[in-house]
Amino acid sequence: MSDPLLSIRDLSVAFAQGEEEMLAVDRVSFDIGRGETVALVGESGSGKSVTALSVLKLLPYPAASHPSGQILYGGRDLLAGDEAELRRVRGNEITMIFQEPMTSLNPLHTIEKQIGEILKLHRGMGDKQAAERTLELLHQVGIQEPEKRLDAFPHQLSGGQRQRVMIAMALANEPDLLIADEPTTALDVTVQAQILELLARLRRDNDMSMLFITHDLGIVRKVADRVCVMTGGKIVESGPTEEIFSNPQHAYTRHLLAAEPKGEPPQADLGAEKVIQGDGIKVWFPIKKGLLRRTVDYVKGVDGVDVTVRAGQTLGVVGESGSGKTTLGLALSRMIASDGEIRFSGARIDERSFRQMRPLRHKMQIVFQDPFGSLSPRMSVAEIIQEGLRIHERQLSAEERDRMVVEVLQEVGLDPTARFRYPHEFSGGQRQRIAIARAMVLRPSFVMLDEPTSALDMSVQAQVVDLLRDLQKRHGLAYLFISHDLKVVRALANEVIVMRAGKVVEAGTADQIFHAPKTDYTKALIAAAFEIAAVPGGVVSE
Amino acid sequence: MSDVQSKTQVERVRRRVARPWLSPINQRRWQNFKANRRGYWSLWIFLVLFVLSLFAEFIANDKPILASYKGEILVPVLVDYPEEMFGGFLAVTDYRDPFIQEEIKANGWMLWPPVRYSYRTVNSEIPEAAPAKPSWLYTEEVRCQRYDLGVDDPRCTIGNWNWLGTDDQARDVLARVIYGFRISVLFGLILTAASAVIGVSSGAMQGYFGGWIDLLFQRFIEIWSSIPVLYLILIIAAVLPPGFWILLGIMLLFSWVAFVGVVRAEFLRARNFEYVSAARALGVPNRTIMFRHLLPNAMVATLTFLPFILNGSITTLTSLDFLGFGLPPGSPSLGELLRQGQRNLDSPWLGITGFFSLSIMLSLLIFIGEAVRDAFDPRKTFK
């Protein structure tokens, strides 16, 4: 590696916030050699994405500025370059793929048009040439029957296919460097494995370099040649991947490596009291057609599922996105209408109206996935936590309510003085703790946890899992734990059901599922989650 | 002991974090608003003008604010005293009458407001046929030629000047502008507030419940808003005697629609937010969810709209007055002033005054509205 392709020297990024300047990246330096994959690893807020975005000057200037640094690409300093020069580099020599395939494609243009546009813009190709090259690219990124997909709009493709299209767009001009900003975070584990394999193959075939940004150490180990670990805007450690993983020097790296949720599944106690029980639960969404909106068919969100959640135990529900996990949870907690018998503490609740359910709500609580969305930004933490108390425990005085808020905040490991602050002042993990506190303050017997750790950083995930386990032990709670992340499920669940397309593929104790999976689907899920190994087509969705 | 300790700890915890008056997000907005100098100054100028005009009776009136008569303190501006008190015969005292003025002067004193005309006071001592020019355009002799003693008459004071001239019925233009400003702004404010209440609640219902309620109401609004408002007001004005409240009512029938769209959209968007689902899972009733969780979201859009609706209401009232279908004859109104300006082109002070008072008022409101809109824009950075 005599002459690096891209060399970042002393790069700093500052953001103006009102009168103050906030330093997001602090004098970062690293090189990317030709044909090399460098991974930037760090938790959210560590400045890894900002570093990557400044390579192409895609930050919101003038709010962002670079107090120091150079980004040398082929001898030129991109930071000093003017807009015209950058445009030549962007999308041509250095390209980028983003995290969210849903929003990175223009929903109003066909696939052919979106890929063709780049070719025409940078290469000056004609219509026919561009169409041929587009087809070739789609083939290269592994889209099946690309001829039929040319006229498709982004919404007609699955998340994985969309990300493949994004990659095709990034590859269109045979770039020297591909910047991938968490390209698989929004995808299912099975799809993630496929995309990573695709990226690795394309890098080999095209002799590209890659700057890979991620928070997931498993992925880093799989794809990267060298790793830079970032925290608080600084690179604290960098080196070859093997070295970093086998012999981490910095305390933060060690902390990151130790943070993965671990542990064998707890034993299932099939004799424990049944808290909530569903028999043949069906949630069918009608498809209506024609002038009279007659129901012609149904989308079977959940199709005849039996579940039992026991006191003090966790039932894990796993499956890819769209398999009906969340719908099942919402049906069980009677947030949406469903068919089939549901019993809560022995009493039937499936025939109750929404209003009749209200008195039972404090016994069954929900914790949602997105800790940024599930807390009202205009209410203080105390108000958020008290909201349920105000409805279900009307007899309490303001003093007593306040005392309960303080207690529950202590219980979830937050400083009670923080209760007058607003959600935006907290980190993702703290917010999730607030959301858990809101559920726990009512002393429920059943809690539905809808991907409570998916939006959190790896090290925070482990803490939240520990907290949940601790609360379960102390209060004998029954959890319905919905997740696509099998690592987390393994750490928490006593029993597991595997769902696919609204049906249960496999059910059993966590021991059985993780150590002796019976169906190919479960095996593929486990392989993708623990080894990031792609499974040949057919078994899982694309 | 430990119980006491924990109690004092809780006490300490509570004291340390006093809740600020404005939430952080509102503090930021206030800072942003202040950063827009034009809007900030416009707000202050407008507030000063508005508060002054609320006390119009103490600034421009044909009655003294305070008077002392035979050792008795009178407040003519608030109380109507019969003229018999001062030896006259009218039911309500005309303090501008030289006889009454002398009578009170002889037995005490009077404190006049700076402008001794009300909006309906006819100045019978103007130097030439109405409309008369602003007083400062005349020499002192001409200005006071109609008073009994000419220049030496006690009524030949600065308080009796017509600073902006008189209109074609010899009424003081300045007094009419002050009262007209007040009535315009009050009309606009009441109309905007009432339309906001109706529009926001209707939009909230449609957005939150969706489905049939939404469908039916939207179609109704489409039909309703295609009615030409101005013509309808003209027709109704021909049947009902036009007055402040009747005009307000008629215009309210149509102006609330402006809010429905934005509020409905906000509710439609926000009703599927996770924190709304979370509230529903807690068993919070619909009404509370709408008020506590969704309304604050919709308020941003509403507040952004508010100044522009306020301006629209004022303009509509002015145009109705201009056409002669607005407030009853004799009411102080800027539209009526504009009409006089149009009819008396040889008296430019009428048109110029009407134009400037209206355009300054509307510009101030627009500047404020612009600053409010920017302040609520989360992506705006002030640098």
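In chain A of this predicted model, 46% of the 542 residues count as buried. The secondary structure of chain A comes to 20 helices and 21 strands. Its radius of gyration is 25 Å, close to the 24 Å that the globule rule gives for a chain of 542 residues, so chain A is as compact as a globular protein of that length. If you look at the contacts in chain A between residues at least 6 apart in sequence, 69% of them join residues at least 24 apart.

Chain B is built from 14 helices and three strands. How does its radius of gyration sit against the globule rule? The value for chain B is 28 Å, well over the 21 Å that the rule gives for 383 residues, so chain B is more spread out than a compact globule. Of those 383 residues, 36% are buried. For contacts in chain B with a separation of 6 or more, residues 24 or more positions apart account for 71%.

Here are the two chains side by side.

| Chain A | 20 helices and 21 strands | 25 Å | about 70 × 55 × 50 Å | 46% of 542 residues |

**Where the chains meet**

Now to the interface. Here, 23 residues of chain B are in contact with 27 residues of chain A. Which helices of chain B each supply at least two residues of the side that touches chain A? They are α1 (2-16), α2 (24-35), α11 (274-281) and α12 (286-323). The largest share of that side comes from α11(B), with seven residues. Sorted by class, the side of chain B that touches chain A has twelve nonpolar, six polar and five charged residues.

**A helix pair in chain A**

Two packed helices are described by the angle between their axes and the distance between the axes. In chain A, take helix α4 (residues 111-123) and helix α7 (residues 159-171): their axes come within 8 Å and cross at roughly 20 degrees. Since angles under 35 degrees count as roughly parallel, α4(A) is therefore roughly parallel to α7(A). The crossing of α4(A) and α7(A) is right-handed. On the α4(A) side, the contact is made by Ile111(A), Gln114(A), Ile115(A) and Ile118(A), while α7(A) brings Val165(A), Ala168(A) and Met169(A). By class, the residues of this contact divide into six nonpolar, one polar and no charged.

**A helix pair in chain B**

In chain B, helix α6 (residues 173-209) and helix α7 (residues 211-224) pack with their axes 7 Å apart, at an angle of about 135 degrees. α6(B) and α7(B) are therefore oblique to each other. The crossing in which α6(B) passes α7(B) is left-handed. From α6(B), the residues Ser202(B), Met205(B), Gln206(B) and Phe209(B) meet Gly211(B), Ile213(B), Asp214(B), Phe217(B) and Gln218(B) of α7(B). This contact of α6(B) with α7(B) has four nonpolar, four polar and one charged residues.

Start with Ile434(A), which lies in helix α16 (residues 428-440) of chain A. Is Ile434(A) buried or exposed? Ile434(A) counts as buried, because it has 23 C-beta neighbours inside 10 Å, and the cut-off for a buried residue is 20 or more. Leaving aside residues up to four places away in sequence, Ile434(A) touches Leu375(A), Val381(A), Ile384(A), Pro423(A) and Phe426(A). Ala382(A) is 52 residues away from Ile434(A) along the chain, and their C-alpha atoms are separated by 9.5 Å.

Then turn to Arg29(B), which lies in helix α2 of chain B. With 20 other C-beta atoms within 10 Å, Arg29(B) is buried. Which residues does Arg29(B) touch, not counting those up to four places away in sequence? Its partners are Ala375(B) and Phe376(B). Arg29(B) and Val372(B) are 343 residues apart in sequence, yet from C-alpha to C-alpha they are 8.4 Å apart in space.

Terms used: Residues are numbered from 1 along each chain as its sequence is written. Chains are lettered from A and ligands numbered from 1 in the order in which they are written. This is a predicted model: local features need pLDDT of at least 70, side-chain atom pairs count only at pLDDT 80 or more; totals for chains, interfaces and linings use all residues. Two residues are in contact if their C-beta atoms, placed from the backbone, lie within 7 Å. Helices (H or I, at least four residues) and strands (E, at least two) are DSSP runs, numbered from the N terminus. Ala, Val, Leu, Ile, Met, Phe, Trp, Tyr, Cys and Pro count as nonpolar, Asp, Glu, Lys and Arg as charged, and the others, Gly among them, as polar. The radius of gyration is taken over C-alpha atoms; the globule rule is 2.2 Å times the number of residues to the power 0.38. A residue is buried if 20 or more other C-beta atoms lie within 10 Å of its own, exposed if 12 or fewer, and partly exposed in between; C-beta atoms are placed from the backbone. Axes are lines fitted to C-alpha atoms, for helices over the stretch in contact, and angles run from 0 to 180 degrees between N-to-C directions. Angles under 35 degrees count as roughly parallel, over 145 as roughly antiparallel, 65 to 115 as roughly perpendicular and the rest as oblique. A crossing is left-handed if the near helix is turned anticlockwise from the far one by less than a right angle, and right-handed if clockwise.
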